[in-house]
Amino acid sequence: MRSRCPPGCRAAVLGAVLALSGAAVAANDGQVAAGETLYQENCIDCHMEDAAGDDIAPDIRGIPKNNLRRAMGGFDAMPEFDLSDREQAALLVYLKSLDD
């Protein structure tokens, strides 16, 4: 049986969905900006301006979360980095934006 939404219910639900999606876009934009700053401070020297890498360091655009976490621990020529979970999430969002 289908229930009826009271008057104004659909508009309220639609408004809530739009507000939440707008907040998510704004949060994502903030993460992209924060991730870009972190990238410029920590990664750009080896992975190049566009994160595509070169013969020294690999392409990290769109790198999976687990691979980034593993890399942050350092190995071979990769130095160790101590970024918080929040910073790593922002860096991932930024690198994903380069892969889109």
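**Entry 1: helix H3**

I began with what covers the buried residues of H3, and found that the cover includes H4. For me, helices are DSSP runs (H or I, at least four residues), numbered from the N terminus. Contact means heavy atoms within 4.5 Å. The model is predicted: local features need pLDDT of at least 70, side-chain atom pairs count only at pLDDT 80 or more, and totals for chains, interfaces and linings use all residues. I number residues from 1 along each chain as its sequence is written, and side-chain values use heavy atoms, with hydrogens and water left out.

Which residues of H3 (residues 65-72) are buried? I noted Leu68, Ala71 and Met72. Buried means under 20% relative accessible area, exposed over 50%, and partly exposed in between (1.4 Å probe, protein chains only). The three cover an arc of only 100° around the axis, so they sit on the same side of H3. The arc is taken from the directions from the helix axis to the C-beta atoms. I then checked the face turned away from the buried side: it carries exposed Asn66 and Arg70. Just after H3, Gly74 takes a positive phi of about 85°.

**Entry 2: aromatic rings**

I looked for paired rings of Phe, Tyr and Trp (its six-membered ring): centres within 6.5 Å, with planes under 30 degrees apart stacked, over 60 edge-to-face and the rest tilted. I got 1 aromatic pair. Why is the pair of Tyr39 and Tyr94 tilted? Their planes stand at 45°, with the ring centres 5.6 Å apart. Tyr39 lies in helix H1 (residues 9-42) and Tyr94 in helix H4 (residues 85-99), 55 residues apart, so the pair links distant parts of the chain. Tyr39 counts as buried at 0% relative accessibility. Tyr94 is buried too, at 8%.

How values were computed: Helix = DSSP H or I, 4+ residues; strand = E, 2+ residues; numbered from the N terminus.
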